Amino acid sequence: AKYLAKMPGGIQGSGGSTTTFRAAVAMVRGFGLEPDDALRLLVEIHNPTCAPAWSERELTHKVKQAYQRARVPFGAIADRVGAA
């Protein structure tokens with residue numbers, strides 16, 4: 001949650017889709033969270049920083065895409081943060 005809170009929000013017209021996808025990748029892949037847990041954090045922490053806010057359906061799609069298509073190894077951020 002702390003990591004996600006430091007990430008920028010997605011702003012429409014300024015790469016907001018990519019920014020939000022990166023947030024989803026960080027949660028699902030980087031920290032190895034279950035998709036439901038990642039979605040909850042995106043809704044509660046990331047979405048309020050976005051303009052406009054994403055629908056839950058759109059965020060669910062981002063989480064699914066992050067899980068299926070991202071190249072970040074599962075747990076990569078957690079391993080790096082834990083080692084620091």
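Residues are classed by relative accessible area: buried means under 20%, exposed over 50%, and partly exposed in between (1.4 Å probe, protein chains only). The model is predicted, so local features need pLDDT of at least 70 and side-chain atom pairs count only at pLDDT 80 or more, whereas totals for chains, interfaces and linings use all residues. Residues are numbered from 1 along each chain as its sequence is written, and side-chain values use heavy atoms, with hydrogens and water left out.

The largest nonpolar core has 19 residues. Such a core is a set of buried Ala, Val, Leu, Ile, Met, Phe, Trp, Tyr and Cys residues joined through side-chain atoms within 4.5 Å. L4, M27, L42 and V63 have the most contacts inside this core. Helices α2 (16-30), α3 (35-46) and α4 (56-69) each supply at least two of its residues. The largest share, six residues, comes from α2. Helices here are DSSP runs (H or I, at least four residues), numbered from the N terminus. Contact means heavy atoms within 4.5 Å. With residues up to four places away in sequence not counted, V63 touches A24, V28, P35, L39 and L42.

Helix α3 has A38, L39, L41, L42 and H46 as its buried residues. Seen down the axis of α3, these residues fall within an arc of 165°, so they line one face of the helix. The arc is that of the directions from the helix axis to the C-beta atoms. The buried residues of α3 pack against α1, α2 and α4.

H46 belongs to this buried set. The relative accessible area of H46 is 0%. Neighbours within four places in sequence aside, H46 is in contact with L4, P8, G9, G10, T19, T20, A23 and L41.

Helix α3 also carries R40 and E44. Their side chains meet in a salt bridge, at 3.5 Å from N to O. A salt bridge requires a side-chain nitrogen of Lys or Arg within 4 Å of a carboxyl oxygen of Asp or Glu. By this rule the count comes to one salt bridge. R40 and E44 are four residues apart in the helix, and therefore separated by about one helical turn. R40 is partly exposed, at 41% relative accessible area. E44 is likewise partly exposed, at 46%.

W54 lies in the loop between α3 and α4. This residue counts as buried, at 19% relative accessibility. The side chains of W54 and T20 are joined by a polar contact of 2.9 Å. A polar contact is a pair of N or O atoms within 3.5 Å; within protein, one must be able to donate a hydrogen and the other to accept it, and residues adjacent in sequence count only if both atoms are side-chain atoms. W54 and L33 are 21 residues apart along the chain, and their C-alpha atoms are separated by 20 Å.

The structure holds two aromatic pairs. In one of them, the ring centres of Y3 and F31 are 5.2 Å apart and the planes stand at 70°, so the pair is edge-to-face. Rings of Phe, Tyr and Trp (its six-membered ring) pair if their centres lie within 6.5 Å; planes under 30 degrees apart count as stacked, over 60 as edge-to-face and the rest as tilted. Y3 lies in helix α1 (residues 2-5) and F31 in the loop between α2 and α3, so the pair ties together parts that are 28 residues apart in sequence. Y3 counts as partly exposed, at 30% relative accessibility. F31 is partly exposed too, at 25%.
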